[in-house]
Amino acid sequence: MAHEIHSTDKFGEIREQGKRAWHGLGVEIPDGLSAEQGFEKIGLGWRTTLAPVFARIEGMGENGPEFKDIEIKERKAHYRMDTMELLGVVSDGYRPLENMDLARFADALSTAEEGKVVVETAGSLHNGRRVFACVKLPDQVRATAEDVMDQYILVGNGHGGFASFACYPTSIRVVCANTLRWSEADVAKGLRFFHLGSMEDKLKNARTALGIARKETAKFQEQVTALVGLNLNRRRMKSLAEDIYASCFGRIDDHLEPESKKKLEDKRDEVIAAWMANLEDAKQTLPGIVGTGWAFYNAISQWNDHERGRFGLVEESNCRISSNIFGVSNEHKRKAFRRVLAAV
């Protein structure tokens, strides 16, 4: 399937107003559960096992062809025990991380004094080769009283050598493979471990991961507050928009043929007009953000996420969501954010 859900995969998420979870294929997780409780609720408690790998060698004996099975000691087969699905062939030093250990790691991210984390979404992909939990932190980023962003930590693990164990902060609520890739843009801010050595030692780093997440949240809060405090009139917005457009699509060469130059100028003006029009959207007219750098950035982000077409080199994919997540649109939003922030 396009969203990489298979028949043996499990998924759950907190839903409101009776909406069905994960494309209608998942189950609802009651609000307030720990990751361990959430895994138990949706059926992610299955375990894995390592088994020997053999090679069958054909040779000639006294009575004709014969076969001999030889164990390959440098490799192990990693199996999912409930379905006996082969997850992958791994090195002899590979150490599995079981699903419930991943959930316990997520739950160990907080203390009672700081406020507990609660599971928001959890699931598996690729017949269980990847398992993840997205837990909501007690911290939030506030632009205004009405413009509030929840913050999350994504913990994920790949079985069978499919992916390493990772833990990182993100502001994206992971609900399927697409948004999982999107959040991986934040992985440099977190922790990533290979399945070697003592997994117990790695699990002790939960507190470090939470510290990284909180530092990133505090930094983002400072940036958002700065943008909310940046008042921009239309003239300055237009100037910033032209600068951002040039950084994303390139400046228009004055030496071009008049007809070619006019086409590029018309396209630029069309895009900038769309950005400016988005300033009238309800999301950009919330009390306290009208006419601010935060509203201006979100007007550009909205165009990239929902309105842009194929103008520019969207080489990674012809799918909008792919471009938004890890392609040109995502990079252009980053450029826009940096440019607006530099105007503070």
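**Close-up 1. Gln302 in helix H8.** Gln302 sits in helix H8 of what is a predicted model, where local features need pLDDT of at least 70 and side-chain atom pairs count only at pLDDT 80 or more, while totals for chains, interfaces and linings use all residues. Residues are numbered from 1 along each chain as its sequence is written, and side-chain values use heavy atoms, with hydrogens and water left out. Helices here are DSSP runs of H or I with at least four residues, strands are runs of E with at least two, and both are numbered from the N terminus. With a relative accessible area of 12%, Gln302 is buried (buried means under 20% relative accessible area, exposed over 50%, partly exposed in between, with a 1.4 Å probe and protein chains only). Setting aside neighbours within four places in sequence, Gln302 touches Asn278, Asp281, Lys283, Gln284 and Glu307; a contact means heavy atoms within 4.5 Å.

**Close-up 2. Helix H7 and its buried face.** H7 covers residues 258-277, 20 residues in total, and reaches 28 Å from its first C-alpha to its last, close to the 28 Å expected at 1.5 Å a residue. That expected span is 1.5 Å times one less than the number of residues in the helix. Val271, Ile272, Trp275 and Met276 are the buried ones in H7. Look down the axis of H7 and its buried residues fall within an arc of 140°, so they line one face of the helix; the arc is that of the directions from the helix axis to the C-beta atoms. An α-helix has 3.6 residues a turn, so residues three or four places apart point the same way. Turned away from the buried side of H7 are the exposed residues Glu259 and Lys263. And what do the buried residues of H7 pack against? Helix H6 (234-249) and helix H8 (293-307) are their partners.

**Close-up 3. Helix H6 among its neighbours.** The buried residues of H6 include Met237, Leu240, Ala241, Ile244 and Tyr245. Packing against the buried residues of H6 are H7, H8 and helix H10 (328-342). Just past the end of H6, Gly250 takes a positive phi of about 95°.

**Close-up 4. Aromatic pairs.** There are 7 aromatic pairs in the structure; rings of Phe, Tyr and Trp (its six-membered ring) pair if their centres lie within 6.5 Å, with planes under 30 degrees apart called stacked, over 60 edge-to-face and the rest tilted. Phe220 and Phe337 have ring centres 6.3 Å apart and planes at 45°, so this pair is tilted. The pair links distant parts of the chain, with Phe220 in helix H5 (residues 206-228) and Phe337 in helix H10, 117 residues apart. Phe337 counts as buried at 12% relative accessibility. Trp275 and Trp303 make an edge-to-face pair, 5.9 Å centre to centre with 80° between the planes. Trp275 belongs to helix H7 and Trp303 to helix H8, so the pair ties together parts 28 residues apart in sequence. Both are tucked away: Trp275 is buried at 2% relative accessibility, and Trp303 is buried with a relative accessible area of 8%. Phe220, Trp294, Tyr297 and Phe337 make up one aromatic cluster.

Close-up 5. S3 (residues 48-61) and S4 (residues 64-80) run antiparallel, joined by 13 bridges; strands pair if DSSP finds at least two bridges between them. Ala51 stands opposite Ala77 in S4, and a hairpin takes S3 into S4 through 2 residues. S4 and S5 (residues 85-91) also run antiparallel, with 6 bridges between them. Here Lys76 stands opposite Val90 in S5. The S4 and S5 hairpin has 4 residues between the strands, and Met84 in the turn shows a positive phi of about 55°.

**Close-up 6. Asn99 in helix H2.** Asn99 lies in H2, which runs over residues 99-107, and counts as buried at 1% relative accessibility. Leaving out neighbours within four places in sequence, Asn99 contacts Phe39, Leu44, Trp46, Val131 and His159. The C-alpha atoms of Asn99 and Phe39 are 8.0 Å apart, though 60 residues separate them along the chain.

Close-up 7. The chain averages a pLDDT of 79, and 75% of the residues score at least 70; pLDDT is the predictor's confidence in each residue, from 0 to 100. Over residues 176-183 the pLDDT is below 50, yet this stretch has 31 contacts in the model beyond near neighbours in sequence. Residues 310-326 are also below 50, with 35 contacts beyond near neighbours in sequence. Where pLDDT is low, the predicted coordinates should not be read in detail.
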